[in-house]
Structures are given as structure tokens and as C-alpha cells.
Amino acid sequence: GPEEHGEGQGRARDFHFDALMDLYQVALGELGIHADACKDFLASLGRVRKDITTGCTVRMELAQKNMEKGKDGLFKRLGGEEGINHFMERFFDIVVVDNRIKGFFQGKDVKTIREGARVYFTEALGGPKIYKGRDLAEIHKAVGVTDYDFDCFLAGMEKALSGLGIEDETIDEVIVTMEPVRPALLGRARGLAAHAKMKDGQTVLERIGGDMNVEAIVDTMFVGLLSD
């Protein structure tokens, strides 16, 4: 049950939960389950997302707090430049065969991409400031990366680091460090403009009716997406 994924224990992130939902949807379809029953089941399953991912959320918050002290320690725990090299080798070995995202590399010079990533990650994870490449938003402008794709790449990072024997706490710090890169790769601005956050003295959350309405909106949107 959800209690098995309690604070400090769970590693299930949102992308794991989304993958599970996809599998359930496919399985229900193959079993010939009525569409309305599928929607009801998936909507019910969606309501336990928070219970299942809470443990990981707490861990990410702890990792974020640790990163406020700087990235020097993270770079050392990853093994310095040599460790980043091993990380990139393992990471690309994983993503180029991942059926969900391997299409991004088909017909491309993977060796050159990996070398560029190595330089970028060396700096991003606390190493020397050696990246002289183009802005990530410019590089990925026409690539078409989605949130789901980005989550798959994060999963690949986690798998690569785990395979190298990196401790869970350090892996969490890597994920937290890379999460802010998401908007650039997806080609969207971060956050809301200041004028959109407040109106007539109320925040967006207050204007849509608070937490309870957010949950209802998400449930409704999710069911709508499933039927699209």
C-alpha cells in the first residue's frame, strides 16, 4: 500500500508513476475493458500519486537543502572529472538503447554529443567552468523534447549513477541540480510573470479556489487527457 512508500524510503518519482499509469492504460485497453471503467480506474489510481511519491519528494527537498551549500562536495563525491567521464559513458550506453528516447540519437554523431555533454556536466555538477558551447535552449530548439522525455533522461542518469555505485543521497543531488535545466530543453520560460502571479491582491492559487480546487482540476484534466 501507499504506506510502504513513506518518508525517507521511497524512490518513486513522478516519472515512475507516469510510466506505471501508461502501462496500466495499455493493459486495460488490451484486455478490452470498457473505456469508462478505464477512466475511473486510472483517475482513482491518480489520487494515490502523492502517497507513493511523498518519500521521494522529501528526499529531493533534503538534496536541495544540501545543494544550497555549493556543488564542490558533489563534484568530489562523483569522482571529479574522471567520475563524470564514467558517468557520461554509462549514461549514453543507457539512453541510446532506451526505446522511449533512442530516436533522439538516430542518425546523429553520438560520440560528439557525448563529449559535449561531458563538458557541460563537468561544469554543471560543480567542476571547472569549461563549457563554451551554445545555450541549451538554442541547441534543443527544434529537438522537441517533452516533459516525459526529460523524465526518461533523468531516469537514465539515476540508473547510470546507481550502476557506478554512487550513493543515493548523491544521486538525489544530481537530479535536483539537473531539474532546473528542464525549461531550457523544453523551450519554455520558467515560472509565471510577476503580473500573472498576483491580481486584485490574490495569488493564482487563491483565485482558482485553493488546494482543493487544484486537486479537482488536476483530476478532471487527467481524465480529459486520457480520453483525448
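α6 is followed by G126, whose phi is positive, near 105 degrees. The model is predicted: local features need pLDDT of at least 70, side-chain atom pairs count only at pLDDT 80 or more, and totals for chains, interfaces and linings use all residues. Residues are numbered from 1 along each chain as its sequence is written, and side-chain values use heavy atoms, with hydrogens and water left out.

L125 sits in the loop between α6 and α7. L125 is buried, at a relative accessible area of 0%. Here buried means under 20% relative accessible area, exposed means over 50%, and partly exposed is in between (1.4 Å probe, protein chains only). L125 touches K71, L74, F75, L78, I84, F87, V174, T177 and M178, leaving aside residues up to four places away in sequence. A contact means heavy atoms within 4.5 Å. L125 and L74 are 51 residues apart in sequence, yet their C-alpha atoms are 6.8 Å apart in space.

## Overall make-up

The protein has 13 helices and two strands. These are DSSP runs, numbered from the N terminus: helices are H or I with at least four residues, strands are E with at least two. Of the 228 residues, 32% count as buried. Take the contacts between residues at least 6 apart in sequence: 75% join residues at least 24 apart.

## Helix α5

α5 has 16 residues, which should span 22 Å at 1.5 Å a residue. Its end C-alpha atoms are 22 Å apart, which agrees. The expected span is 1.5 Å times one less than the number of residues.

The buried residues of α5 are G80, G83, I84, F87, M88, F91, F92, I94 and V95. They cover an arc of only 160 degrees around the axis, so they lie on the same side of α5. The arc is taken from the directions from the helix axis to the C-beta atoms. An α-helix has 3.6 residues a turn, so residues three or four places apart point the same way. On the other side of α5, E82 and D93 are exposed. The buried residues pack against α4 (72–77), α6 and α8.

## Helix α6

The 15 residues of α6 should span 21 Å at 1.5 Å a residue. The end C-alpha atoms of α6 are 20 Å apart, which agrees. A117, R118, V119, Y120, F121, T122 and A124 are buried in α6. Their cover includes α4, α5, α7, α8 and α9 (168–178).

## The largest pocket

The largest pocket has a volume of about 790 Å³. Of the 25 residues that line it, the closest to its centre are F105, I113, A117, I139 and H140. α6 gives the most, with six residues. The lining divides into 20 nonpolar, three polar and two charged residues. Ala, Val, Leu, Ile, Met, Phe, Trp, Tyr, Cys and Pro count as nonpolar, Asp, Glu, Lys and Arg as charged, and the others, Gly among them, as polar.

A pocket is an open set of points on a 1 Å grid over the protein atoms alone, where a 1.4 Å probe fits, with protein on both sides within 12 Å along at least five of seven lines; lining residues have an atom within 4 Å of a point. Points are joined across faces, edges and corners, and the volume is the space filled by probe spheres set on them.
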